[in-house]
Every structure is written in structure tokens, then in C-alpha cells.
Amino acid sequence: MTGALSDLLNNKPLAKEHLVQLLGITNQEEHEALLHHGLNTKAASVGRIVYLRGLIELTNKCAKNCFYCGIRAGNDTIERYFLSDEDVLQAAEFAYKNQFGSLVIQTGELSGPIFAAQIERLLKLIHRHTNNELTITLSCGEQSQEVYQRWKEAGASRYLLRIEASNRKLYEFIHPADGNHDYDTRIKGLEDLKKCGYQVGTGVMIGLPGQTLEDLADDLLFFFKMDIDMVGMGPYLEHADTPMFDQRNLLLPASERFLLSLRMIALLRIMMPYINIAASTALETINPLGRQMGILAGANVVMPNLTPVTDRKKYLLYNNKPNLDKDASLSTATLNDVLSSIGETIGYGRAGDSIHFSHRQA
Ligand code: SF4
């Protein structure tokens, strides 16, 4: 057993060099011991309850051009959409009736007064329509502090703004230097969100071209230092219509990106026992059992997709996204069975707020 793993299992504090060793585990027994420790830590902190967040991909319109993303502004091969109020309310109603407890509204990154007002109006509309019983997470990119505040007052309680890579150089490598993608602005966004009183989430891609185990260890330390309340992270997956597709030869095999992602989840759970961690759809893209394996490594949130099936196919951040045709009620029933079979309970009707956030507030 590596020294770092035995230190970890004996609850000794983890330094960066230990994280690097643990992320680099190649022995299957050690890999499983690490994941098991992640699961035990979860059971002892947030419990074996999985919270549902109904995902509404409101629009695939985006003003930005991240090199890795399938809905980047420069990709003119996709049809752009913006859901109607009716579609949004139908999805919200599904979440409400099925006791999801929470919704996530995700968009490409748009800005300006019209977009700010659209989101504000939708937040109020959803709350009115669902008796104020659903908590809402926004994932709508970088905005001004004023807009974050406005949306908070309109009823959003959580905000997800992924850093994607906490190493500045790597961040700059995966984003164009066009004045619209600035590392410091992203960090300021996370700080502004905290000031506005949100439960703040971020996340990274795992297995990017040129990314090292040291970078990933730094990502974990970044979440810790930023005192983040929620994390959504998963393997980097390529999209053929993006500039980064050209570097696919530099990637680890998908199966290794997958295992590395599970170790990231387990280590993060051990480092930050009370945060919320999502089991990403990207895990399921590589392995059909990926979502439950993420849960068994320490994740406690899943986000069933409630976007109307016809538009879901137009919101492809990467290729081969799963469940594009699956009706939401079918996915929910399957999820219920799958999670029960691995000893987890779904937190029906519960908001599933980040306990870390309530500690932070106290
Ligand atoms: S990652 Fe987000 S901001 Fe970047 S291109 Fe994709 S949707 Fe737009």
C-alpha cells in the first residue's frame, strides 16, 4: 500500500504530494480502498442520501468560444434554441410533482439587460407555479455582481460557475485570448457569488490535454481554499466540432479519465466531507454505470435531464451524451431502482442544501 494511502486511511492530513500519489494509484485494490474511504466519509457526514436536481437546459445560445465546448458561439453546425415559458414550466411541474426538491437552470453564457430580465422573470414564474417548494440553482456563466444579486432576490439560491481548470496556464490554454475569457474574472465571479449569499459551486474537467496529476491535486486544493459549497466535475470528453478535438491524441484513454475522476470525487469527499458533489453525466457517457459509481465514491447529487427531448440533442457540450431520448419519468424510475440497489436513498421532496454552506454561514 502506498504511504499516502495508509496515511489517508489513518486520518492523517493530506499534503499536495499525497494527493498526487493517491490520484496516480494504479493498483486496483488501492483504487478501491480509496473509493471505499470516500463512501464511508460520505456516510458519516452527509449520509447515504442522493439529492435530485432536475436539469433544464434553457438555451444553447452562447456568446463565448471555449475551445472544448460543443455549443461554443463559433460552432455553426448546431441549431440554437431558447425554451418557451411553457416548456420550462412543464419541466418544473414534473420536478415538483415527482418531489425532486430542486431545479438547475443551465444556459450558454449570455449577458445584457434582456437576458438578466429573462432569468429573473423565469425564476419568479417557476416559484409561483410550484408553490415556492423547489430550490433553484443557476448555471448561467459570468455576470456582474449586480445581476447575481438580482437573481438571488428573484429566488435563486445556488450558483454553479465552473473554473474548468484552476491552473491559470491550463485555463488560458483551453480558452481563447479574445478578451472574453479571463481567469481573474472567473475567480472574481466566485467571490461575488459568495458575497451575494449563494451556495457556490464550481468544478473542473479531468483528463484535459496537457493536464498533470499535480494540476488535479491543485484543483482539489483550490476547492478547499475557495471554501466551495458544491462541486460538479467529471472527465473531459471531446466534441468533434471544437478546436480542442485536434489534440485528442494527447488524451489519456477514456477509461483512465473515468477512474481518475472517481479518485478525484473520493479525495474531495474526504477533504470536504460536508459539501455537495454531483455525479456528472460525463461519467455515465464513458461507463453506463458511471453515475452510480460516482455516488459510491462519495458524490451525493444527480441531475436528471428535464429538457424537452427535441432540444436535448442540441445541447451537446461533448459527443455521445447519454439519455438523449429517454423520457424523464422513465429515467427517474430507473434512477430510483438503481440507487436503492446500491444502498442509497433518494432525498425526495428535500432541497438537499449544502451542509458545508450552513457551516460557513454559522
Ligand atoms: S463552456 Fe459555457 S461559456 Fe464556454 S462555450 Fe460552452 S456554454 Fe459557452
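Phe 94 and Phe 100 are both buried in this structure, which is a predicted model. The rings of Phe 94 and Phe 100 have centres 5.9 Å apart and planes at 80°, an angle that is over 60 degrees, so the pair counts as edge-to-face.

**Aromatic rings**

- A search of the whole structure finds seven aromatic pairs, and one of them joins Tyr 171 and Tyr 183 in an edge-to-face arrangement, with 5.4 Å from centre to centre and 75° between the planes.
- This pair links distant parts of the chain, since Tyr 171 belongs to helix 7 (residues 168-173) and Tyr 183 to helix 8 (residues 183-195), 12 residues apart; both Tyr 171 and Tyr 183 are buried.
- Phe 115, Tyr 148, Trp 151, Tyr 159 and Tyr 198 are linked into a cluster by ring pairs.
- A charged side chain also meets a ring, for Arg 248 lies over the face of Phe 245, at 4.0 Å from the ring centre.

**Helix 3**

- Helix 3 (residues 28-45) has 18 residues, which at 1.5 Å a residue should span 26 Å, and the 26 Å between its end C-alpha atoms agrees with this.
- At the start of helix 3, the backbone nitrogen of Glu 29 has a side-chain oxygen of Asn 27 within 2.8 Å, while just after the helix Gly 47 takes a positive phi of about 85°.
- The buried residues of helix 3 include Leu 34, Leu 35, Gly 38 and Leu 39, and what covers the buried residues of this helix includes helix 1 (3-9), helix 2 (16-23), helix 10 (254-271) and helix 12 (290-297).

Technical notes. Residues are numbered from 1 along each chain as its sequence is written. This is a predicted model: local features need pLDDT of at least 70, side-chain atom pairs count only at pLDDT 80 or more; totals for chains, interfaces and linings use all residues. Side-chain values use heavy atoms; hydrogens and water are left out. Rings of Phe, Tyr and Trp (its six-membered ring) pair if their centres lie within 6.5 Å; planes under 30 degrees apart count as stacked, over 60 as edge-to-face and the rest as tilted. Buried means under 20% relative accessible area, exposed over 50%, partly exposed in between (1.4 Å probe, protein chains only). Helices (H or I, at least four residues) and strands (E, at least two) are DSSP runs, numbered from the N terminus. A charge sits over a ring if NZ of Lys or CZ of Arg is within 6 Å of the ring centre and within 35 degrees of the ring normal. The expected span of a helix is 1.5 Å times one less than its number of residues. Contact means heavy atoms within 4.5 Å. A polar contact is a pair of N or O atoms within 3.5 Å; within protein, one must be able to donate a hydrogen and the other to accept it, and residues adjacent in sequence count only if both atoms are side-chain atoms.
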